[in-house]
Amino acid sequence: MKSTVISAVEMGLGAASRALKDLNVDMSLGVISASDTSERRALLATILKTESSSELRRVAAWGLSKFARDPVAAEALANALRRDTSEAVREMSAWALQSARRQSVATASLVSAIRRDNSSIVRLTAVWSLASTGHRSDSATVSALAFALKDSDARIREMAAWALGSISLRTAPSELVAATEDSNNDVRISSAWALYEIGDASAVDALDTALRNEKVKEVQLAQVRALTSLGEPAIAVIKRLLDDPNPEIKTVAVNALAGSRANKAWPRPRPLPRPFP
């Protein structure tokens, strides 16, 4: 226990010190060079793999986020995401893997977590992280995010819709198109935003149907904005909206006919709150 605790604190992690204080550990500690990042990575990876305290494993995962582009760090985080028994450690590992960027081991472990982890917070974090690792649109990523659109947790479905709109797709997955009629308002809004970002004209009919059935004004406006990005195939639908009693919808429709995708910028960023140990 002594060597592990010393190593954690020697790496200069303030969060580790707080965790150790909570554990009532009082030991004489030395200091190692902050520039020795290679040793830091190795020590943190060892702690994440072998430490019995889940609090300290979570600290180690948090610390490894700084080195996640390094294969040793990425592999340690990916292994923890797949196998650690602590939900909190897996959540932190999923978050940290966002910094691994386009490493295949990070993508594979995040995809696995989305499909198999029994914790909704881990799945939610994995969806966000997968969409944030470098805006990849490979088949495994798209398939996993489309899978998440069927999750029982509406927060995850909403995050998945956002994610699909954030990875530079040119074709909208059928699951995203179907999400325009999800039971949750936020999911329907984010699916409309994603379709706006993708600009796939094949979604016109589905958006038209969804808009005709929609009762929530905010969702209606999102669906109309989505239509403005779909070009000529959407003109017939937009023309019908010129008689809409909602002035905001009418304004968006007129702007679309004038050649504007929407009357104002429509960002829907999704920064995930940074977890701290």
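Which residues of H14 are buried? Select Val-219, Gln-220, Leu-221, Ala-222, Gln-223, Val-224, Arg-225, Ala-226 and Leu-227: these are the buried residues of H14. Buried means under 20% relative accessible area, exposed means over 50%, and partly exposed lies in between (1.4 Å probe, protein chains only).

Before going on, note that this is a predicted model: local features need pLDDT of at least 70, side-chain atom pairs count only at pLDDT 80 or more, and totals for chains, interfaces and linings use all residues. Residues are numbered from 1 along each chain as its sequence is written, and side-chain values use heavy atoms, with hydrogens and water left out.

**Stop 1: helix H14**

Stay on H14. Helices here are DSSP runs (H or I, at least four residues), numbered from the N terminus. H14 is mostly covered, with 9 of its 11 residues buried. Now show what covers them: the cover includes helix H12 (185-198), helix H13 (204-213), helix H15 (235-240) and helix H16 (247-257).

Pick Ala-222, which lies in helix H14 (residues 217-227). Ala-222 counts as buried because its relative accessibility is 4%.

**Stop 2: Asp-208 and its partners**

Select Asp-208 and Arg-212. They form a salt bridge, with the closest N and O atoms 3.2 Å apart. A salt bridge is a side-chain nitrogen of Lys or Arg within 4 Å of a carboxyl oxygen of Asp or Glu. Both residues lie in helix H13, 4 residues apart, about one turn of the helix. Asp-208 counts as buried because its relative accessibility is 14%. Arg-212 is exposed, at 52%.

Arg-240 forms a salt bridge with Asp-208, the closest N and O atoms being 2.4 Å apart. This pair links distant parts of the chain: Arg-240 is in helix H15 and Asp-208 in helix H13, 32 residues apart. Arg-240 counts as partly exposed, at 32% relative accessibility. Salt bridges that share partners join Asp-208, Arg-212 and Arg-240 into one network.

**Stop 3: Asp-151 and Arg-123**

The whole structure holds 10 salt bridges. For another one, select Asp-151 and Arg-123, whose side chains meet at 2.8 Å, N to O. The pair links distant parts of the chain, 28 residues apart. Asp-151 is in the loop between helix H9 (139-148) and helix H10 (154-164), and Arg-123 is in helix H8. Asp-151 counts as buried at 13% relative accessibility. Arg-123 is buried too, with a relative accessible area of 12%.

**Stop 4: Ser-119**

Move to Ser-119, in the loop between helix H7 (104-116) and helix H8 (120-131). Is Ser-119 buried or exposed? Ser-119 counts as buried, at 3% relative accessibility. Its side chain makes a polar contact with the side chain of Glu-87 at 2.6 Å.

**Stop 5: the largest pocket**

Finish by selecting Ala-45, Leu-48, Lys-49, Glu-75, Ala-76, Asn-79, Ala-80, Arg-83 and Asp-84, which line the largest pocket. Helix H3 (37-50) and helix H5 (71-83) are the elements that give two or more residues to this lining. H5 gives the most, with 5 residues.

Definitions and conventions: 1 Å grid on protein atoms, 1.4 Å probe; cavity = no way out; pocket = protein on both sides within 12 Å on 5 of 7 lines; lining within 4 Å. Contact = heavy atoms within 4.5 Å. Polar contact = N/O pair within 3.5 Å; in protein donor to acceptor, adjacent residues only side chain to side chain.
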